[in-house]
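Visitor: Could you walk me through this one? I am new to reading structures, so please take it slowly.

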Amino acid sequence: MWVNPAAFTAFGDERSGLGLGLASTLFPERYPGDEPDSLGDVRIAASVRFLAEVGRFADELAERGRVLPGIAWMTDGSEDAVAEARWRAVLRGPDALAFGDLIAGMPAAFRAEPGSEDAGELGTSALDVLIDAAVRGRLPRDLPMLPPRRGRKPLQPRAAEAWLEALHTSDTRVRVPASALAELEQGLAPWSEYAREAAAPARATFRLSEILSTEDVGEDLLLSPDLPEHASAVGEPLDVPAWRLEFLLQSSADPSLLVAAEQVWRDGGALARWLGRPQEVLLAELGKAVRVYPDLEPGLRQPRPTGLDLDSNGAFAFLRDAAPALDEAGFGVLLPSWWDRRSKLGLKLSASTPMGDDTGKAPAFGREQLCDFQWSLAVGDHTLTDDEIAALAQAKAPLVRMRGQWVSVDPEQLRRGIEFLRREETGRGTVADVLRLAAAHPDDVELPLEVATVTADGWLGALLDGSADARIQPVSLPESFRATLRPYQERGLSWLNFLAALGVGACLADDMGLGKTVQLLALEAVRREENPEAGPTLLVCPMSLIGNWEAEAAKFAPGLRMSVHHGPDRLRGEDFGAALTGIDIVVTTYTTLTRDLEQFEALTWNRVVLDEAQAVKNRLSHATKAVKRLTATHRIALTGTPVENRLGEMWSIMDFLNPGILGSAELFRTRYSIPIERHRDEAAAERVRAITRPYLLRRVKTDPAIIDDLPEKIEIKQYYTLTNEQASLYQSVVDDMMEKIEESDGIERRGNVLAAMAKLKQICNHPAQLLHDRSAIGRRSGKVLRLEEILDEILAEGDKVLCFTQYTEFAEMLLPHLAARFDTDVAYLHGGTSRQNRTEMVRRFHADDGPPIFLLSLKAGGTGLNLTAANHVIHLDRWWNPAVENQATDRAFRIGQKRRVQVRKFICRGTLEERIDNMIEEKASLANMVVGDGEGWLTELSTQSLRELFALSKEAVSD
């Protein structure tokens with residue numbers, strides 16, 4: 001399929017349905033919403049994914065201002081020349097390299113236009129169109145026009161004025177006489193040359209290296225960790241670091257080829273093969289570099305420039321200012337390895353609580369508890385002594401070497417830091433102050449130096465360093481709680497209880513299957529035994545999980561009084577408030593919360609818990625805005641995927657838990673998201689980890705301490721609810737089929753019972769399966785919606801899954817839908833699969849790069865296969881024969897399986913699925929049914945029993 005670059009503007013065109021659909025799919029952070037994209041069961045092609053990457057790149061360049069205006073000639077057949085005013089990207093330095101990497105990854109389909117074999121040309125064309133749209137989208141529509149120049153006829157607009165007007169309006173054309181347009185183009189030529197630097201055989205590269213000298217002892221100071229015996233107490237001046245900035249040429253064709261300037265000047269022609277005319281190239285490159293780095297000029301006064309000597313101040317200025325500027329301009333820069341990991345002078349705060357100890361006992365106070373503060377100066381993690389501080393003050397140098405590390409020191413900041421210690425060396429603050437300083441960005445704290453380290457003793461220190469879950473003493477479970485927690489779950493409970501005592505928000509981000517639900521129920525049981533008068537907890541979850549919470553609470557914590565606020569019969573107004581008396585947990589959905597927000601926000605909740613908290617990952621969604629308006633003494637988020645696609649998702653969850661902890665969304669994006677996601681900034685990533693560590697507990701199944709505690713096979717009943725469409729069809733089928741069953745007997749009656757069951761099971765799968773109309777899956781099935789949520793977590797963990805269904809029609813519906821929804825290959829095995837294809841399918845599934853989702857019909861894939869690449873098994877629709885289901889599960893849970901297997905059996909609350917499951921649980925003899933019995937035993941039930949079996953309860957229906 002040919003991709004026309006001119007159509008790329010559809011991404012930014014609000015009038016284009018295609019633009020909105022693609023934009024919401026590929027740029028969810030810019031086009032947020034509560035509903036999924038409008039593309040349906042369409043799997044995005046590699047060429048479109050590539051375009052999305054170019055679009056993100058263009059958007060980032062526009063946001064950073066890496067753009068310049070220009071013109072592009074065109075013709076429309078009139079006498080006047082016509083050009084378009086266009087914004088173009090400035091591609092120099094790292095941006096040019098990043099764009100080169102993008103072009104290198106361009107899929108072949110993107111170059112399908114005839115005559116577009118040049119990937120670089122086509123990619124540049126795409127980038128130009130997207131850059132222009134991105135910049136225009138950021139400009140205000142009512143920019144003032146330039147006033148007309150006196151003496152110039154208004155009928156002959158000046159080229160510059162027409163060009164400026166066209167840069168921000170929808171009409172991009174510049175209609176002026178050809179001579180005026182040519183003059184404008186000539187004036188813009190330097191900008192065009194700067195934006196797209198002409199390819200040269202080599203580029204200048206600057207390498208800074210250290211040379212030890214003793215000439216400037218009075219100015220620079222080298223502090224060594226091994227001072228000689230005759231050194232003074234404040235650190236006697238030793239060898240002074242002098243610096244050499246070397247000039248080199250780096251080949252454009254082979255970046256590994258670096259040639260020193262000395263070799264360039266000695267060259268007799270051997271380098272011409274790679275560097276053209278190397279001496280001319282070197283001089284030309286140095287001439288361009290001096291515009292960026294004027295202090296380079298002394299090095300160019302030599303007849304044959306090879307480098308430049310720098311003192312400590314000059315070296316520091318180069319490292320701090322010139323090197324980034326040269327790199328941004330497209331020159332090569334080679335810096336000492338220590339520069340990126342250099343230690344900075346900063347403040348260190350040591351806090352101690354009056355009750356601080358190493359017992360890990362949960363405190364009986366909260367965030368306002370007073371702490372004793374001790375401030376000191378530090379280099380990295382090392383606290384400076386008085387002698388070292390005095391030596392730094394005497395050195396008056398921006399770069400010094402101390403304890404084997406290079407330290408950058410601003411003399412003025414050092415002076416202010418010393419004065420701060422004289423005033424504030426000791427003091428008092430609160431636990432909240434400690435947490436705020438530990439999380440604060442340097443620009444947000446009014447202190448003379450950056451807070452390099454925050455430490456504390458006892459429980460507060462364990463909270464800051466992330467070891468609180470291991471150090472806090474376990475809490476005792478009440479006798480009414482009927483679950484035995486595993487060791488890691490006990491630690492999770494203690495951690496949650498600890499943060500609840502502090503009133504600090506907590507994100508429990510354990511892997512799927514590690515028991516987040518039971519840990520939360522245990523916390524509620526523990527806290528309510530300590531304080532029976534505590535108000536209700538509000539638990540918000542996806543509609544499909546309401547039944548799961550009800551079942552788990554009834555099983556493990558029957559003493560908790562739970563109420564569900566959901567469905568058309570839910571209470572409102574005064575009735576809602578009155579019904580909360582004596583209730584421990586109120587369960588509602590994100591949709592219901594949004595609709596009934598006024599009555600929810602009118603109350604102060606004991607605790608607000610978000611299950612599947614990734615539902616609020618989009619900070620602009622209605623659900624996110626709603627939960628942030630709630631008032632509670634404590635907040636908890638439960639999620640197996642705190643970050644799915646973008647760091648902004650973590651910001652949204654953390655801002656709910658502890659508002660302001662990561663700053664505003666815009667500052668977070670500038671300080672962390674872009675540096676980490678685009679530039680892989682490890683320092684920024686470590687900063688985010690340090691900030692979120694106290695409030696986030698994540699355990700994974702690959703952790704040996706967790707794996708050793710897990711059983712071999714975990715069986716989970718996965719509850720969900722029906723949509724309104726499903727419920728309507730369900731009731732209609734029940735009414736029709738019960739009439740037929742009552743009027744029949746013998747074989748005919750058994751046939752009607754089986755037919756009714758089949759129809760009801762198909763409805764539970766998806767309405768389109770019963771209607772056989774091949775309509776879109778959409779959001780019409782509660783089962784499919786819950787399946788998507790589960791697969792999200794499974795795929796995020798890098799696991800593989802088997803999905804069994806007894807209906808090939810349902811599998812054929814799911815196949816394109818799941819492939820599009822998760823942008824991945826999906827394997828599908830059914831009775832018509834040939835033996836050869838079956839073997840190849842199994843081989844591909846076991847390959848590391850094979851499809852992570854395997855759809856199988858229960859009859860064709862339930863026996864005779866070894867599929868141990870999967871450690872998840874999902875039974876989408878039930879056979880109601882444990883032996884048959886176990887045989888299917890054993891495709892993954894068998895010899896050769898080295899991981900624990902999670903088995904999920906889908907059950908819809910309030911339908912025949914739940915009632916048959918209960919019957920099987922109650923009748924132990926049914927658990928040993930032989931293979932082949934199928935569902936025949938159900939046909940022998942009485943008419944009244946069948947009526948109860950098929951009846952639709954109100955808890956089965958979603959919003």
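Visitor: Which residue in E28 is the bridge partner of Leu802?
Guide: The bridge partner of Leu802 in E28 is Phe854. Please keep in mind that this is a predicted model, in which local features need pLDDT of at least 70 and side-chain atom pairs count only at pLDDT 80 or more, while totals for chains, interfaces and linings use all residues. Residues are numbered from 1 along each chain as its sequence is written, and side-chain values use heavy atoms, with hydrogens and water left out.

Visitor: How many bridges join E26 to E28?
Guide: Five bridges join strand E26 (residues 801–805) to strand E28 (residues 853–857), and the two run parallel. Strands (E, at least two residues) and helices (H or I, at least four) are DSSP runs, numbered from the N terminus, and two strands pair if DSSP finds at least two bridges between them. Further along, Thr805 stands opposite Ser857 in E28.

Visitor: And what about E29, how many bridges join E26 to that strand?
Guide: Four bridges join E26 to strand E29 (residues 872–875), which also runs parallel to E26, and there Phe804 has His875 as its bridge partner.

Visitor: Is E26 mostly covered or exposed?
Guide: E26 is mostly covered, since five of its five residues are buried, where buried means under 20% relative accessible area, exposed means over 50%, and partly exposed lies in between (1.4 Å probe, protein chains only). Val801, Cys803 and Thr805 point one way from the strand, whereas Leu802 and Phe804 point the other way.

Visitor: What is the strand order in the sheet?
Guide: The order is E25-E30-E29-E26-E28-E27, an open sheet of six strands with parallel pairing. Strand E25 (713–720) and strand E27 (826–829) stand at the edges with a single partner strand each, so one side of each has no neighbour in the sheet. On average, neighbouring strands of this sheet are turned by 20 degrees against each other, direction ignored.

Visitor: Which strands does H32 lie across?
Guide: Helix H32 (residues 808–822) lies across E26, E27 and E28, and runs at about 170 degrees to E27. Axes here are lines fitted to C-alpha atoms, for helices over the stretch in contact (heavy atoms within 4.5 Å), and angles run from 0 to 180 degrees between N-to-C directions.

Visitor: New topic: which residues touch the most other members in the largest nonpolar core?
Guide: Those are Leu345, Leu377 and Phe481, in a core of 114 residues. A nonpolar core is a set of buried Ala, Val, Leu, Ile, Met, Phe, Trp, Tyr and Cys residues joined through side-chain atoms within 4.5 Å. Apart from that core lies another, of 53 residues, including Leu722, Ile741, Leu818 and Leu855.

Visitor: Where is His772 found?
Guide: His772 is found in the loop between helix H30 (767–771) and helix H31 (782–796), and has a positive phi of about 55 degrees although it is not a glycine. Arg774 is placed in the loop between H30 and H31 as well, and Arg774 is exposed, with a relative accessible area of 81%.

Visitor: Last one, what is the mean pLDDT of the protein?
Guide: The mean is 79, and 83% of the residues reach 70 or more, where pLDDT is the predictor's confidence in each residue, from 0 to 100.
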